[in-house]
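Please look through the sequence and the model shown here, and then read the briefing below, which is arranged by topic.

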Amino acid sequence: MTKLNGRILQPPKLKLGNGGQVKDLTPCRQDRQWNFLDSHVVEGRSIARWALISFGGNAEQRSNIGKFIVGLAQRCSQLGISLSRSTIVHPRFEQMHILENANLLEAKLRKIYDNASRNLDLLVCVMERKHRGYADLKRICETSIGVVTQCCLYSHFYSLSSQYLANLALKINAKVGGSTVALYNPLPRQLPRLFSEPAIFFGADVTHPHPMDDKSPSIAAVVASMNWPAANKYVARMRTQAHRKEIIEGLREMVGELLEDYRDEIKQLPKRILFFRDGVSEGQFYKVLEEELRALKAACKRFENYNPTITFAVVQKRHHTRLFHSDGQATEPVNSYAGGRVHHSVSRNAPPAGKRSSSSSDAQDNIPPGTVVDTLITHPREFDFYLCSHSGIKGTSRPTHYHVLWDENNFLSDELQQLINNLCYTFVRCTKPVSLVPPAYYAHLAAYRARLYLEKSGSISETSSSRSTSTSEASSNRSGRSRLCPSVEPPPLPKLNENVKKLMFYC
């Protein structure tokens with residue numbers, strides 16, 4: 001155990017929609033959560049043309065569809081999202097076995113799309129239970145037909161709680177182009193030294209197949225912010241690449257496409273690039289920096305006289321560092337720290353999360369959201385720090401390790417730490433800060449979605465690139481099989497439909 005000082009970063013003030021009574025707030029609860037009571041999302045979309053399809057369910061469950069539609073429309077209205085109280089076509093009821101046949105499933109989905117005059121904003125899919133055909137459904141809708149989907153289970157229909165409907169509404173709004181919250185003080189006001197001109201945030205991740213899979217391709221995903229100065233909408237690009245290769249092979253092309261999309265939206269190219277790379281072990285730092293930074297700069301050279309300043313940071317969640325209060329006592333209200341210093345103890349061999357007593361006591365015993373440590377346990381010369389931006393609900397909180405490998409923007413430690421902490425409050429799917437900076441989080445979600453595109457009504461299994469490669473190598477040696485990348489070209493992903501290509505369909 002090492003005793004050291006940690007700081008508590010204060011939460012940002014958040015901007016909400018103009019239609020509600022509460023138009024801004026600062027999360028003041030100990031866990032930093034907030035709610036939308038008497039308030040609206042910052043940008044609520046209008047969804048006039050939507051449809052619903054049901055898979056399975058008994059007569060009683062199906063009879064609740066009407067109640068669900070009315071309840072969802074009412075909850076959306078309370079949040080400032082305009083969802084029509086009736087579907088554009090009558091809800092369609094199918095059996096679960098339809099999900100087992102991809103061709104039949106596509107025919108059913110396309111019939112709904114055609115009946116809606118090939119103009120559909122959203123398709124809600126209600127299922128009796130989780131099914132492997134979910135992968136085909138997502139692939140067909142997002143690549144072949146061109147409509148975003150929201151899936152849910154009949155088991156949630158018995159109570160239809162306000163919280164459940166709100167969660168659905170937030171995801172739906174994000175998928176059709178809306179946003180949940182924004183920082184009240186935009187980035188140019190927070191950091192005028194750095195953000196007086198437009199900037200872009202990139203996130204990148206690579207996911208690998210199951211450890212026992214020796215031939216399936218790895219999948220790389222890159223996301224980028226497309227609005228400024230809010231920087232809370234992210235467009236994704238995904239590519240397959242050689243089996244278990246960690247370096248992103250198509251980074252130059254993906255970044256170039258995203259920069260073009262940014263220019264189309266903002267009418268100019270960003271002056272600064274912040275690139276967050278997930279899933280890289282320390283032994284790969286030099287290789288990733290050398291090849292992927294070169295690819296980033298090559299993508300910029302596609303544009304005449306374009307030389308933005310780049311900050312390249314690696315984001316790590318799979319490590320053994322844990323932070324505890326030095327006195328072992330429960331935390332006081334976070335406001336009492338007032339941004340000052342508080343003692344913590346640090347252990348690299350923390351007890352397993354499952355050994356803790358209860359989720360309520362875990363939330364009290366864990367370090368508060370916003371805890372940052374950048375001394376003693378960090379590198380003596382390099383730019384890195386640990387940030388626990390979220391509230392640990394169950395088990396011991398795991399801080400995220402941010403390691404800046406390249407910084408042409410000359411960030412001060414306090415500037416980058418506060419920036420990342422603030423961004424963690426803008427994640428679209430929930431009303432609390434998340435543990436990972438959103439660009440990296442979205443990249444992981446996009447890579448997982450691309451993995452589904454390769455599934456052909458098969459079981460969904462993957463491991464994150466964040467899993468240490470030593471584990472894979474060890475299992476390879478035990479099984480006596482080679483983990484060498486096959487020489488065959490990996491199969492390409494199906495192309496995203498233009499209707500969803502610029503939406504956050506993956507969230």
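Eight of the 11 residues of helix α11 (residues 413-423) are buried (under 20% relative accessible area, with a 1.4 Å probe and protein chains only), so α11 is largely enclosed by the rest of the structure. The model is predicted, so local features need pLDDT of at least 70 and side-chain atom pairs count only at pLDDT 80 or more, while totals for chains, interfaces and linings use all residues. Residues are numbered from 1 along each chain as its sequence is written, and side-chain values use heavy atoms, with hydrogens and water left out.

**Helix α11**
- The buried residues of α11 are Glu415, Leu416, Gln417, Leu419, Ile420, Asn421, Asn422 and Leu423.

**The open sheet**
- Four strands, in the order β7-β5-β8-β9, form an open sheet with parallel pairing, where two strands pair if DSSP finds at least two bridges between them.
- At the edges are β7 (92-94) and β9 (148-153), each of which pairs on one side only.
- Strand β5 (residues 50-55) pairs with β7 in the parallel sense over three bridges, and Ser54 has Phe93 in β7 as its bridge partner.

**Helices α8 and α9**
- The axes of helix α8 (residues 251-266) and helix α9 (residues 285-300) come within 8 Å and cross at roughly 40°, with axes fitted to C-alpha atoms over the stretch in contact and angles running from 0 to 180 degrees between N-to-C directions.
- Leu251, Arg252, Val255, Gly256 and Leu259 in α8 meet Glu292, Ala295, Leu296, Ala298, Ala299 and Cys300 in α9, contact being heavy atoms within 4.5 Å.

Technical notes
Buried < 20%, exposed > 50% of the residue type's maximum accessible area, 1.4 Å probe, protein only. Helix = DSSP H or I, 4+ residues; strand = E, 2+ residues; numbered from the N terminus.
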